[in-house]
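Open the model in your viewer and keep the sequence panel beside it. Follow the stops below in order.

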Amino acid sequence: MKILILTGKFGMGHYSASNSLSEEIRNQFADADVFVEDIFMHTLQRSCGAMYGAFSFLVKKGSRIYNLVYKRIERPDKQPPFPLMRRFCSVLALLIENTGAEVVISTYPFCSRLVSEYKKSTGRKIPLITCITDVTCHSQWLHPETDLYLTAAPEIKKDLIQRGVAPERILVSGIPVHRQFLWERGDCSTAKKHLLIMGGGLGLLPRAEAFYRRLNQLPHVQTTIITGNNKALYRTLKNKYPNISVLEFVEDVHRHMQNADLIISKPGGITLFEAIFSELPLLLFSPFLEHEIRNGEFVRENQLGIVLSKKPEASVGDIQEILCNDEQLNNIRSNMRRFKSGLDHHALTRALLQFGAQRAL
């Protein structure tokens, strides 16, 4: 079976989910050929870097504009026209031809729209699986030519059904993460605590140095900070505080999660599910992007962690209190185990087998 996974690097979450799906498919189907492709890089080529840079700037400096656009296009009747759609469709057609793809998986909303447009314009019936990499369902994920939706949680399935999607076209499988995160953690209580702080690929972390200075003063707490692309913060903090280790990009996030007692992070969908599958209690910086605000609500409603209500530098006391509350940490781990048990861990495998059987008829 040949499978094309389409994605984009608006942040690294969608791309990470694509690689996790590729890993899962290769583990389940020894003869599968899986191609993970950034459709924007293929189509826009040299100008793609500028586009991604503009997106990063908007997220960091223009969150109000981002949120206004997010809310406006959430209405199905407000889907904006895309002037380069023909060009993208032509590139997609070449990708499908060159890879021999028999199934397409999308991990980014525009990719689902693109494949839907391609199927309508060509009449091709190539199966489209949309893997929704958020814990809420924005209307931009919904397109009529989608054959199957993989969703993060039962509440998203209910939302899709209310929007008219047939229940048999929706499977609740969680947001895909790499296999290294799939493990169980026993209840534990230790005198020395390990705190992990991450800000996603863009390194969206507190800038106030008072926050880090107070963290360093917490007794019996060792903190690891992964700064991602935030090189300025990395330079500021590296080797400055004895109880804080500072890292840039790392390939072994799973190991840091396994060694931690608590993670503080921005509420991106991938990080949430890496923590859930690792059974690592979540403490979230107060979110400011609209989709992350909704992700924070998901964490609260499922009792998978806590969302900080204060500014980071004013929250160090709360962080210490949570870290020292073993009963609360163990309750969150228990909730994560319960949540994981309700997911369909073999959804993708069954879907691909089904599409393969249909193709053989």
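Is aspartate 252 buried, partly exposed or exposed? Select aspartate 252: its relative accessibility is 23%, so it counts as partly exposed. Bear in mind throughout that this is a predicted model.

**Stop 1: salt bridges**

Arginine 255 is partly exposed, at 39% relative accessible area. The structure holds 10 salt bridges.

Next, select lysine 2 and aspartate 33. They form a salt bridge, with the closest N and O atoms 2.9 Å apart. This pair links distant parts of the chain: lysine 2 sits in strand β1 (residues 2-7) and aspartate 33 in strand β2 (residues 33-38), 31 residues apart. Aspartate 33 has a relative accessible area of 32%, so it is partly exposed. Lysine 2, at 31% relative accessibility, also counts as partly exposed.

Now pick Glu279, Arg337 and Lys340. A network of salt bridges links these residues. Side chains of opposite charge can pair when their charged atoms come close.

**Stop 2: helix α1**

Select residues 13-28. This is helix α1, with 16 residues. Draw a distance from its first C-alpha to its last: the helix reaches 23 Å, close to the 22 Å expected at 1.5 Å a residue. Then colour the buried positions of α1, which include His14, Ser16, Ala17 and Ser18. Further along α1, Ser20, Leu21, Ser22 and Ile25 are buried as well.

**Stop 3: the nonpolar cores**

Which residues have the most contacts inside the largest nonpolar core? Select Leu160, Met257, Ile263, Phe273, Leu282, Phe298 and Phe339. The core they belong to has 41 residues. Elements giving two or more residues to this core include α7 (154-162), α10 (253-259), α12 (290-301) and α14 (326-341). Strands β6, β7 and β11 (282-284) are also among those elements. Helix α11 gives the most, with six residues. In soluble globular proteins, nonpolar side chains tend to be buried together.

Zoom in on phenylalanine 339. Leaving aside neighbours within four places in sequence, phenylalanine 339 is in contact with Ala152, Ala153, Phe273, Ile276, Phe298, Asn302 and Leu304.

Then move to the second core. This separate core has 26 residues, among them Ile39, Phe40, Cys111 and Tyr118.

**Stop 4: serine 173**

Go to the loop between β6 (170-172) and β7 (193-198), and pick serine 173 there. Serine 173 is buried, because its relative accessible area is 17%, under the 20% cut-off. Show its contacts: beyond four places in sequence, serine 173 touches Leu150, Thr151, Leu343, Asp344 and Ala347.

Follow one of these contacts, Asp344. The side chains of aspartate 344 and arginine 350 meet in a salt bridge, 2.7 Å from N to O. Aspartate 344 is partly exposed at 21% relative accessible area, and arginine 350 counts as partly exposed at 43%.

**Stop 5: positive phi**

Finish with two backbone checks. Glutamine 45 is in the loop between α2 (39-44) and α3 (48-61). Its phi is positive, about 50 degrees, although glutamine 45 is not a glycine.

Asparagine 239 lies in the loop between α9 (231-237) and β9 (244-247). Phi of asparagine 239 is near 60 degrees, again positive in a residue other than glycine. Is asparagine 239 buried or exposed? At 71% relative accessibility, asparagine 239 counts as exposed.

Note on methods: Residues numbered from 1 in each chain as written. Predicted model: local features only at pLDDT ≥ 70, side-chain atom pairs only at ≥ 80, totals over all residues. Heavy atoms only, no water. Helix = DSSP H or I, 4+ residues; strand = E, 2+ residues; numbered from the N terminus. Buried < 20%, exposed > 50% of the residue type's maximum accessible area, 1.4 Å probe, protein only. Expected span 1.5 Å × (residues − 1). Contact = heavy atoms within 4.5 Å. Core = buried A, V, L, I, M, F, W, Y, C linked by side-chain atoms within 4.5 Å. Salt bridge = Lys/Arg side-chain N within 4 Å of Asp/Glu carboxyl O.
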